[in-house]
Amino acid sequence: MRTAMGMTDTVLLVVLGVLALTGGVLVFTLNSMARVTFALLASLVCVGGVAAVLGLPYLGVVIVLMMVMEMLIMAVFMIAYMMNPAGLMPMSMLHNKRGSLVVSGAVFAALVTGIFLVPWPEDAPAARPEDSTVQVGTELMGDQMLTMVTLGFVLLATMVGATVLATHRGRYDRFGDDLDRPADDPTGGGVGR
């Protein structure tokens, strides 16, 4: 059970926090979609690291895995489908610069004000649970944990069943018994038509 952060944890927290903020700033200062994607990926990986350092390793790993896959898929689609070459042409990520500056400044001021106005607890912190993953799951799902786990299996079975039913023929069924002849695809796209 963790009680207090050590010097290594504190240094990691500060370094990861600064890197996450730097990546966030780069998202709005770089001039191409591909570079912005990787800056956002770096920032969110650091956020996952912050969650892990703060004692939520499961949540931190989930954040890192989700963001890596999401950003890599986004980069692949940009390379494959964007009109400019691989999203590397100069462009601005800022739209309505004055309006966004006013909104972001107001939100920042409200958050900083909230830090000083919120009555922070002064009592000794409650004892931390042995398993922080169970605590996060209980807080997120409450009494519906069994329902959500069951629903996950039902959704998985539904996706697998729908895929099986949608493909009424197997890999070699379109060839029939004679695999040497040209394919006669019943969907109309076969070689033999």
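**Entry 1: contacts along the chain**

I looked up contacts in the protein chain between residues at least 6 apart in sequence; 56% of them join residues at least 24 apart. Contact here means heavy atoms within 4.5 Å. I note that this is a predicted model, where local features need pLDDT of at least 70 and side-chain atom pairs count only at pLDDT 80 or more, while totals for chains, interfaces and linings use all residues. Residues are numbered from 1 along each chain as its sequence is written, and side-chain values use heavy atoms, with hydrogens and water left out.

**Entry 2: elements**

I found 6 helices and 0 strands in the protein chain. From the N terminus the order reads α-α-α-α-α-α. Helices (H or I, at least four residues) and strands (E, at least two) are DSSP runs, numbered from the N terminus.

**Entry 3: burial and core**

I checked burial next. Of the 193 residues of the protein chain, 16% count as buried. Buried means under 20% relative accessible area, exposed over 50%, and partly exposed in between (1.4 Å probe, protein chains only).

Which residues form the largest nonpolar core? I list 5: Leu16, Ala20, Cys46, Val50 and Val53. H2 gives the largest share, 3 residues. A nonpolar core is a set of buried Ala, Val, Leu, Ile, Met, Phe, Trp, Tyr and Cys residues joined through side-chain atoms within 4.5 Å.

**Entry 4: H2 against H3**

I looked at H2 and helix H3 (residues 57-81). They pack at an angle of about 175°, with axes 7 Å apart. Axes are lines fitted to C-alpha atoms, for helices over the stretch in contact, and angles run from 0 to 180 degrees between N-to-C directions. H2 is therefore roughly antiparallel to H3, a term for angles over 145 degrees. The contact includes Phe38 and Leu41 of H2 and Ile63 and Met67 of H3. Its residues divide into 19 nonpolar, 3 polar and no charged. Ala, Val, Leu, Ile, Met, Phe, Trp, Tyr, Cys and Pro count as nonpolar, Asp, Glu, Lys and Arg as charged, and the others, Gly among them, as polar.

**Entry 5: annotated spans**

I read the unreviewed UniProt entry. Its annotation "transmembrane region" covers residues 12-30, 37-56, 62-81, 101-120 and 145-166. Such annotations may be inferred rather than shown by experiment. Residues 62-81 are 100% helix, with end C-alpha atoms 28 Å apart. Residues 101-120 are 85% helix, with end C-alpha atoms 30 Å apart.

**Entry 6: Asp131**

I found Asp131 in the loop between helix H4 (97-117) and helix H5 (132-141). Its relative accessible area is 39%, so Asp131 is partly exposed.

Technical notes. Angles under 35 degrees count as roughly parallel, over 145 as roughly antiparallel, 65 to 115 as roughly perpendicular and the rest as oblique.
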